[in-house]
Amino acid sequence: MVEQVIKIPRSLPSGEIVAIDVSEDVYMRDYAESFHEWVDGVITKMSPVTLKHDELSNYSRLLLESYFALKPIGKVIGAPFVMRLKNVKARREPDLQVILNSNPGTLENTYMDGAADICIEVVSAGSVTTDYGEKLEEYERGGVREYWLFDPMRETTTFYRRNEKGQFQAHQPGAQDVYSTPLLPDFKLHVPTLWQSELPSIIEVIKSVEAMLKDE
């Protein structure tokens with residue numbers, strides 16, 4: 001009797017799949033710069049952004065850039081910029097990557113070779129499963145120290161930090177709805193500001209960062 005071999009297909013990543021069986025080198029050459037991600041040979045197209053998504057990304061980046069301009073302990077990089085995690089067969093492009101000067105990885109011209117210290121994702125309708133599920137697991141396994149999720153559809157934020165076991169644990173903002181982290185001394189993120197109909201201007205952001213650092 002001849003045994004019949006049934007081949008079970010591997011699970012595919014969430015999102016719009018545009019190609020399969022693609023090498024990492026080909027991904028970097030042909031797809032990375034146009035907002036695609038790579039998961040074990042599968043290329044997915046990142047979800048288009050809404051106006052609110054763009055505003056949140058820009059505001060968060062401006063806030064962090066202003067902070068690093070006055071306290072030069074790292075930098076923030078926006079998508080499309082690849083993060084190459086160790087021990088994870090995925091190449092992701094977080095909306096924002098915070099990379100501290102003390103980071104043991106290597107910042108290359110087109111990708112971060114290693115885990116960013118903080119990854120920030122702004123959730124869109126097409127990225128819910130990816131951001132809350134797949135990336136959460138990948139970033140945790142790959143060594144990302146904090147993972148921030150901003151969800152404009154639900155007006156919620158989630159801040160994950162690694163605990164003593166190396167697992168992500170959710171942390172809540174502190175007094176007056178302000179989130180702070182040991183990774184960014186004196187940095188303060190006022191969470192309700194994220195959900196204002198009109199986000200602070202460049203001048204307002206710079207003034208607020210100057211004020212928060214004067215209080216150190």
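I started at the hairpin: β2 and β3 form it with two residues between them. Asp40 sits in that turn, and I noted its positive phi of about 50°. This is a predicted model, so I read every value here as computed. β2 and β3 pair antiparallel over four bridges, and Val39 stands opposite Val42 in β3.

Next I followed β3 to its other pairing. β1 and β3 (residues 42-45) are joined by three bridges, again in the antiparallel sense. Glu16 has Lys45 of β3 as its bridge partner.

Then I stepped back to the whole sheet. I found an open sheet of seven strands with mixed pairing, in the order β1-β3-β2-β6-β5-β9-β8.

Met83 has Arg92 in β6 as its bridge partner. Helix α3 (residues 128-142) packs on the sheet and touches β2 (36-39), β5 and β6. I noted about 120° between the directions of α3 and β6.

Last, I looked at α2 (residues 51-70). Its 20 residues reach 29 Å from first C-alpha to last, close to the expected 28 Å. Which residues of α2 are buried? I listed several, among them His53, Leu56, Tyr59, Leu63, Tyr67 and Phe68. What covers the buried residues of α2 includes β4 (74-78), β7 (96-100), β10 (118-122) and α4 (202-214).

Conventions
Residues are numbered from 1 along each chain as its sequence is written. This is a predicted model: local features need pLDDT of at least 70, side-chain atom pairs count only at pLDDT 80 or more; totals for chains, interfaces and linings use all residues. Side-chain values use heavy atoms; hydrogens and water are left out. The expected span of a helix is 1.5 Å times one less than its number of residues. Buried means under 20% relative accessible area, exposed over 50%, partly exposed in between (1.4 Å probe, protein chains only). Contact means heavy atoms within 4.5 Å. Two strands pair if DSSP finds at least two bridges between them. Axes are lines fitted to C-alpha atoms, for helices over the stretch in contact, and angles run from 0 to 180 degrees between N-to-C directions.
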